[in-house]
Amino acid sequence: MLQTRKFALCQEGLKLIAVITMLIDHVGLALCKDNLLMRGIGRLAFPIYVFLLVEGFYHTGNYLRYLGRLALFALLSEIPFDFMVSGAWTSPQAQNVMVTLLLALICLWLLEAVSNLHILLRVLASGVILMAIGRMADGVGCDYGAFGIWLAAIFYFTWRLPWWRYLLQAVGILLLCLLWYGTLWNLEALAALAILPIALYGGERKLQSKAVQYGFYAFYPAHMFIIAILAYLQ
């Protein structure tokens, strides 16, 4: 959402925060024996990526192209993800986060498709969509599973609210953590801190470059492959 303020993060700045925190998280996971500090820092990455997914959904000029791009990088990322997480080239029970984002994008499209229904019908249809896509994400073993789908819905439904939407989003993340893990005494609860850089986002894209855009996508499989190789050599 485009906002006017004295200091604001551009889209590339917000993506860079997501990339750096994700890198720290994966290094902590695979190279530093599941280092808690690094994994805690890494909790900021996923909510930012989900927020940017919703941002992209509202501003894309071609939904199918956006969907295809996610599908392409989901496919390219699966072997590096499996290799990094399990040490094996394939792990059918676990899918990388790009698959989660792909399903979340489909969920957003379906939610938008029912947005003009009568309020009661919309609530019912939205509930069915969220349960169905969430169950699908859990069923195929997506990273974050239904948690990721429902997080995308939180950003989607609060998108047009004024500044206090950030409070709702942070509370929503904490409630999801409570629902999934039964406690807030969990590293995942730190994901609520991602709302701080998200709140500083000004909605501006500084670099109108396809190379930069695809570079951020390519970083995901590339860094996992490098980390997996380093972990294998340890």
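What follows is a short chat about a predicted model of a protein.

User: What secondary structure does the protein have, helices or strands?

Analyst: This is a predicted model. The protein has 10 helices and 0 strands. Along the sequence the pattern reads α-α-α-α-α-α-α-α-α-α. The radius of gyration is 17 Å, close to the 17 Å that the globule rule gives for 234 residues, so the protein is as compact as a globular protein of that length.

User: What box do the C-alpha atoms fill?

Analyst: Along the principal axes, the C-alpha atoms fill a box of roughly 55 × 40 × 40 Å.

User: How much of the protein is buried?

Analyst: Buried residues account for 49% of the 234 residues.

User: And what about the accessible surface?

Analyst: The accessible surface is about 12,100 Å². Carbon and sulfur atoms hold 71% of that.

User: Among contacts between residues at least 6 apart in sequence, how many join residues at least 24 apart?

Analyst: The share is 72%.

User: How many positive and negative side chains are there?

Analyst: There are 15 positive and 11 negative side chains. The centres of the two sets lie 9 Å apart.

User: Let's go to single residues. Where is His26?

Analyst: His26 sits in helix α1, which covers residues 11–30.

User: Is it buried or exposed, and why?

Analyst: His26 counts as buried because its relative accessible area is 10%, and the cut-off for buried is under 20%.

User: Which side chain does His26 make a polar contact with?

Analyst: The partner is the side chain of His223, at 2.7 Å.

User: What else is His26 in contact with?

Analyst: Leaving aside neighbours within four places in sequence, His26 is in contact with Leu31, Met84, Tyr220, His223, Met224 and Ile227.

User: Now Asn96. Where is that one?

Analyst: Asn96 lies in the loop between α4 (63–86) and α5.

User: Is Asn96 buried or exposed?

Analyst: Asn96 is buried, with 0% relative accessibility.

User: Which backbone atoms does the side chain of Asn96 reach?

Analyst: A polar atom of the Asn96 side chain lies 2.9 Å from the backbone oxygen of Ala74. The Asn96 side chain also reaches the backbone nitrogen of Met98, at 2.8 Å.

User: Which residues is Asn96 in contact with, leaving aside its neighbours within four places?

Analyst: Asn96 is in contact with Ala74, Ser77, Glu78, Phe81, Asp143 and Tyr220. Tyr220 is also among the contacts of His26.

User: What about Cys107? Where is it found?

Analyst: Cys107 is in helix α5, residues 97–113. Cys107 is buried, with a relative accessible area of 1%.

User: Which residues is Cys107 in contact with?

Analyst: Beyond neighbours within four places in sequence, Cys107 is in contact with Ile129, Leu130, Ile133 and Ile149.

User: And how are Cys107 and Tyr63 placed?

Analyst: Cys107 and Tyr63 are 44 residues apart along the chain. Their C-alpha atoms are separated by 13 Å.

User: Switching to Phe51. Where is Phe51 found?

Analyst: Phe51 is in helix α3, residues 45–59. Phe51 counts as buried at 6% relative accessibility.

User: What does Phe51 touch?

Analyst: Not counting residues up to four places away in sequence, Phe51 touches Leu14, Phe155, Trp159, Ile198 and Tyr201. Phe51 and Tyr220 are 169 residues apart in sequence, and 17 Å apart from C-alpha to C-alpha.

User: Which residues have a positive phi without being glycine?

Analyst: Lys33 is one of them, with phi of about 55°. Tyr144 is another, with phi near 75°.

User: Where are Lys33 and Tyr144?

Analyst: Lys33 is in the loop between α1 and α2 (36–42). Tyr144 is in the loop between α6 (119–139) and α7 (145–157).

User: Is Lys33 buried or exposed?

Analyst: Lys33 is exposed because its relative accessibility is 81%, and exposed means over 50%.

User: Last one, Leu233. Where is it, and is it buried or exposed?

Analyst: Leu233 is in helix α10, residues 210–233. Leu233 counts as exposed, at 63% relative accessibility.

User: How many residues apart are Leu233 and His26?

Analyst: Leu233 and His26 are 207 residues apart along the chain. Their C-alpha atoms are separated by 16 Å.

Methods. Residues numbered from 1 in each chain as written. Predicted model: local features only at pLDDT ≥ 70, side-chain atom pairs only at ≥ 80, totals over all residues. Heavy atoms only, no water. Helix = DSSP H or I, 4+ residues; strand = E, 2+ residues; numbered from the N terminus. Rg over C-alpha atoms; globule rule 2.2 N^0.38 Å. Buried < 20%, exposed > 50% of the residue type's maximum accessible area, 1.4 Å probe, protein only. Contact = heavy atoms within 4.5 Å. Areas by Shrake-Rupley, 256 points an atom, 1.4 Å probe, with all protein chains shown as cover. Lys, Arg positive; Asp, Glu negative; His and termini not counted. Charge placed at Lys NZ, Arg CZ, Asp CG, Glu CD. Polar contact = N/O pair within 3.5 Å; in protein donor to acceptor, adjacent residues only side chain to side chain.
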